[in-house]
Amino acid sequence: MPSDDAIPTLYLLHALGSSSGSFDRLGATLAGRVDVQGIDLPGFGSVPAAPDTSLEATVSYVIGILNERVRGRWMLGGHSMGGKVATLVAARVLSGTAPLTGLAGMVLLSPSPPRPEPMDEERRTRMLSWVDHGAISPQDAETFIAQNTARPLDPGAQSVALPDLARTSPAAWRAWLETGSRVDARDEVGTLDLPVLVLAGDDDADLGAAAQPGLLAGVYPRARFHTLADTGHMIPLERAAETAAAIADFVADEVLAGPTVPEDWARLIADDRVDPRTRGILNRRAVPDDRGYAPRALDLAQLTLLREISDLVVPQEGPAIDIAARVDAQLAGGAGDGWRPEGLPPDPEAYRRGLDTLAEGWPTDPVAREDVLRAAIEGNGPADGPLDADLLAAWLEDVRVDLVRQWLAHPASMARTGYDGFATGGRKPLRGYVHLELGRREDWEPAGVGGTIATGDAA
């Protein structure tokens with residue numbers, strides 16, 4: 001079981017006609033592994049309907065709630081309607097427009113997609129008629145539950161679902177069915193490259209297990225799709241135990257990978273001293289690496305060797321950044337530093353040739369590897385191969401720069417080295433430093449920068 005400071009928080013947004021209470025069983029089952037916190041959306045649960053019932057207003061509301069609650073590493077998720085809201089929030093976190101940081105993954109339960117939700121128009125009309133004269137009646141609530149479950153809910157789950165439907169605001173219900181579910185947000189959302197678990201039932205029509213890959217694969221390239229057998233649409237109430245088990249495995253496998261940005265540094269990244277574009281870059285860099293990463297510029301053997309070189313050049317303690325994979329992505333995207341030593345081919349080809357040259361005599365013993373790498377750096381590498389000894393040494397200089405640069409670009413590494421130069425933008429006029437003295441920090445800087453007040457740096 002992880003320590004308390006390693007337990008991530010999962011903020012969940014509920015479905016249409018539901019509330020945060022629908023996640024109570026899930027939270028109880030995940031206690032000690034994931035801290036589940038549901039959020040009532042306007043017009044549902046304990047939150048009264050807002051004057052503005054639009055999808056945009058709901059997204060802004062959730063960002064405001066998260067801004068008050070978020071601490072450390074966290075995940076975001078949603079069920080059905082809440083899934084679409086969560087996707088829009090995540091897009092704004094990764095773009096930097098939301099004043100949040102630390103998003104490490106997503107959990108989606110039969111989510112409504114960013115595109116218009118597939119829904120039978122006759123069913124939409126019938127559901128809208130249920131609020132023609134006020135709140136949903138007990139009879140219509142029973143009908144809704146029966147239509148969205150594979151089997152009758154147990155009494156405890158039924159006692160949650162019925163009151164939630166009864167207190168749902170007719171305005172909020174109508175706004176989602178008439179407008180929110182029809183919004184096409186694909187241009188804003190784009191592609192969100194972060195760990196995602198998508199759970200859906202095999203007895204759910206429009207948003208079930210068969211439909212989800214087609215609805216979401218282009219949005220979430222790292223999505224892990226999980227089918228729940230004999231399950232309808234009301235997943236948290238139908239299959240809490242199975243859902244909790246899948247979430248726990250997902251968190252252990254993908255969300256806890258890599259270092260965590262310290263809390264005071266996370267607060268600084270979310271602060272208005274950091275402009276949105278920079279915040280977005282830092283947020284994307286902090287996303288846990290893909291443990292199933294498939295190389296794009298190198299082959300698998302070359303990437304494996306680059307990872308072993310990386311371990312020697314940039315040894316890491318604790319959860320590590322997959323620096324070699326990030327270099328491979330850099331090569332595939334053509335995002336190098338724009339120059340190369342004379343005689344070397346373009347970076348992707350230079351990497352392939354250099355790694356193939358080293359591979360011929362690369363030992364299995366880690367200590368021996370260090371000796372071989374040091375010799376190659378000093379110009380005493382293999383005499384024959386795709387690169388001669390001099391070019392290999394020149395290439396290895398580039399490699400070391402790339403590896404260190406990828407490590408230092410991570411916000412956790414910036415915190416470790418005390419670099420906060422990213423926090424000089426934000427609102428106009430631009431704000432920089434007032435004091436440029438060794439060992440002295442300014443009021444806005446994290447406590448680990450420049451010593452402590454006791455040593456006189458704030459005098």
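**Ground rules.** I number residues from 1 along each chain as its sequence is written, and side-chain values use heavy atoms, with hydrogens and water left out. Since the model is predicted, local features need pLDDT of at least 70 and side-chain atom pairs count only at pLDDT 80 or more, while totals for chains, interfaces and linings use all residues.

**Entry: the sheet.** I looked up the strand order and found an open sheet of six strands, β2-β1-β3-β4-β5-β6, with parallel pairing. β2 (35-39) and β6 (223-228) are at the edges with a single partner strand each, so one side of each has no neighbour in the sheet. From one strand to the next, the twist averages 20°. For my own reference, helices (H or I, at least four residues) and strands (E, at least two) are DSSP runs numbered from the N terminus, and two strands pair if DSSP finds at least two bridges between them.

I then followed the middle of the sheet. Strand β1 (residues 9-13) runs parallel to β3 (residues 74-79), and five bridges join them. Leu 13 has Gly 78 as its bridge partner in β3. Between β3 and β4 I noted six bridges, again in the parallel sense, with Trp 74 opposite Leu 103 in β4. Seven of the seven residues of β4 are buried (under 20% relative accessible area; exposed is over 50%, partly exposed in between, with a 1.4 Å probe and protein chains only).

**Entry: helices on the sheet.** Helix α2 (residues 55-69) lies across β1, β2 and β3, at about 145° to β2. Helix α11 (residues 240-255) also packs on the sheet; it touches β1, β3, β4 (103-109), β5 (196-201) and β6, and its direction makes about 160° with that of β6. Contact here means heavy atoms within 4.5 Å. Axes are lines fitted to C-alpha atoms, for helices over the stretch in contact, and angles run from 0 to 180 degrees between N-to-C directions.

**Entry: aromatic pairs.** My search of the whole structure gave seven aromatic pairs. Rings of Phe, Tyr and Trp (its six-membered ring) pair if their centres lie within 6.5 Å; planes under 30 degrees apart are stacked, over 60 edge-to-face, and the rest tilted. Tyr 11 and Trp 74 are edge-to-face, 6.0 Å centre to centre with 70° between the planes. This pair links strand β1 to strand β3 across 63 residues. Tyr 11 is buried at 2% relative accessible area, and Trp 74 is buried at 0%.

The rings of Tyr 351 and Trp 395 have centres 5.4 Å apart and planes at 85°, so I logged that pair as edge-to-face. Tyr 351 sits in helix α16 and Trp 395 in helix α18, 44 residues apart. Both Tyr 351 and Trp 395 are buried. I also found Trp 130, Phe 144 and Trp 173 linked into a cluster by ring pairs.

**Entry: helix α18.** Its buried residues include Leu 392, Trp 395 and Trp 407. Among the elements covering the buried residues of α18 are α14 (300-313), α16 (347-359) and α19 (411-417).

**Entry: Asn 148.** I found Asn 148 in the loop between α5 (138-147) and α6 (155-166), buried at 12% relative accessible area. Not counting residues up to four places away in sequence, Asn 148 touches Gly 232, His 233, Met 234 and Glu 238. Asp 203 is 55 residues from Asn 148 in sequence and 8.7 Å away in space, C-alpha to C-alpha.
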